Amino acid sequence: EKYFLLPVLFSAPSYACKRRTTLKNHNTLLTEALSILAESAELNEDEGRGVAFRRAAAVLKCLPKAVSSMEQLRGLPCLGDHSMRVIKDILENGASSEAESTKQSERFKALKVLTGIFGVGAKTADRWFREGIHSLSQLQESGHTLNQAQQAGLQFYDDINLPVSKTEADAISEIVEKAVHAVLPGAEITLTGGFRRGKLTGHDVDFLITHPEEGKEEGLMPKVVSWLESQGFLLYQKTTRNSYLESKDGPGRPASNMDRFERCLSIFKLTKDRCVGQKQGTKQSATAVRVDLVVSPVSQFAFALLGWTGSKLFERELRRWAGHEKAMSLSSHALYDNKQSRYLRASSEEEIFAHLGLEYIPPTERNA
Ligand code: DCP
Ligand code: MG
């Protein structure tokens, strides 16, 4: 008698918002290569190609085991010809030649360095690159006038490009709570973004602030910012006011995924006690940390929380599901049912998933 080992066949729903994606990734070699190609596409402002690689990487992230052969992938969604070639290359040769050459290309390296400056996006980086600016020193010598954000981005470049740890995020949380409670007792602060999904590091720290009494949150941000400034916690900040009511988004067309909350993009100064050894005692050192503060009225809080928890792909897929499968428009402010021509209220993330006809996925499983 002969026994044949059948390969484990994988399957997964094609919408990332229907999958449970924890931080345990059994296919990092594959997903890292696909992420490089996604990043490169995004830096080249090829959004479609970027999303295709992100979707492919996300499908592999949710698999319960490492992929060992191409046959196992039959039947998996979101894996296009290009992604399949990349995966095949890695399974056969241990690495993707395309991802490797991308990583080493002058353009990719330069665009990474330049977009590493807070306030510099793909467009600006590409323009500078074509002018022959490939490094920070070349940028400084170029005599380009930088805006305030970019100047701060350059000044704190090294700190900002270091990952933020959970410990640092917790320290920032304490400061933000102190600031918010000093100016509005009863206000509530929630850590969102990657840290809410259980990540141990992030590129920034994201907070959502609200007050249980609707309207009490109005005018909060400038007060919080003043308090933080007076205590010397801010190295940079730019506040944009709430523009939801005057926006043209309206029913059926909150197409833009940019939300319109009162938002503060900032750079915090975080001082930490660093043990330098028993003899020398403790020394104080400081680091710069990117922090995003968002204020939401409590009536929109559940939508804001869902929208700011991510991951970016999970959010995109939620909106795609809502629009394509349910004829609904989901934003970080509201959910509109196009068939019933009305807004659907929700006071928790669970209710929003239910409105969308989706099984509830907790934050730690939204790491698509
Ligand atoms: N987001 C949004 N609109 C924006 C910016 C962000 O809806 N204009 C959402 C999507 C993100 C989440 O907020 O998932 C947080 O944004 P980040 O860029 O900070 O992403 P993460 O926190 O997931 O990643 P990181 O850990 O690198 O900070
Ligand atoms: Mg974040």
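The model is predicted, so local features need pLDDT of at least 70 and side-chain atom pairs count only at pLDDT 80 or more, while totals for chains, interfaces and linings use all residues. Residues are numbered from 1 along each chain as its sequence is written, chains are lettered from A and ligands numbered from 1 in the order in which they are written, and side-chain values use heavy atoms, with hydrogens and water left out.

**Nonpolar cores**

- In soluble globular proteins, nonpolar side chains tend to be buried together.
- A nonpolar core is a set of buried Ala, Val, Leu, Ile, Met, Phe, Trp, Tyr and Cys residues joined through side-chain atoms within 4.5 Å; buried means under 20% relative accessible area, exposed over 50%, and partly exposed in between (1.4 Å probe, protein chains only).
- The largest nonpolar core here has 30 residues, and Val205, Phe207, Leu228 and Leu293 have the most contacts inside it.
- Elements that each supply at least two residues of this core include helix H10 (166–183), helix H12 (220–230) and strand E7 (282–295). Helices (H or I, at least four residues) and strands (E, at least two) are DSSP runs, numbered from the N terminus.
- Beyond its neighbours within four places in sequence, Leu228 is in contact with Ile175, Ala179, Phe233, Leu234, Phe268 and Leu293, where contact means heavy atoms within 4.5 Å.

- Three strands form an open sheet in the order E8-E9-E10, with antiparallel pairing; two strands pair if DSSP finds at least two bridges between them.
- Strand E8 (328–330) and strand E10 (342–343) are the edge strands, each pairing on one side only.
- Strand E9 (residues 335–337) is joined to E10 by 2 bridges, and Asp337 stands opposite Arg342 in E10.

**Aromatic pairs**

- The whole structure holds 6 aromatic pairs. Rings of Phe, Tyr and Trp (its six-membered ring) pair if their centres lie within 6.5 Å; planes under 30 degrees apart count as stacked, over 60 as edge-to-face and the rest as tilted.
- Tyr15 and Trp321 make an edge-to-face pair, 5.1 Å centre to centre with 85° between the planes.
- This pair links distant parts of the chain, with Tyr15 in the segment before helix H1 (28–43) and Trp321 in helix H14 (residues 312–326), 306 residues apart.
- Tyr15 counts as buried because its relative accessibility is 8%, and Trp321 is buried at 10%.
- Phe314 and Phe353 have ring centres 6.5 Å apart and planes at 50°, so their pair is tilted.
- Ring pairs link Phe314, Phe353 and Tyr360 into a cluster.
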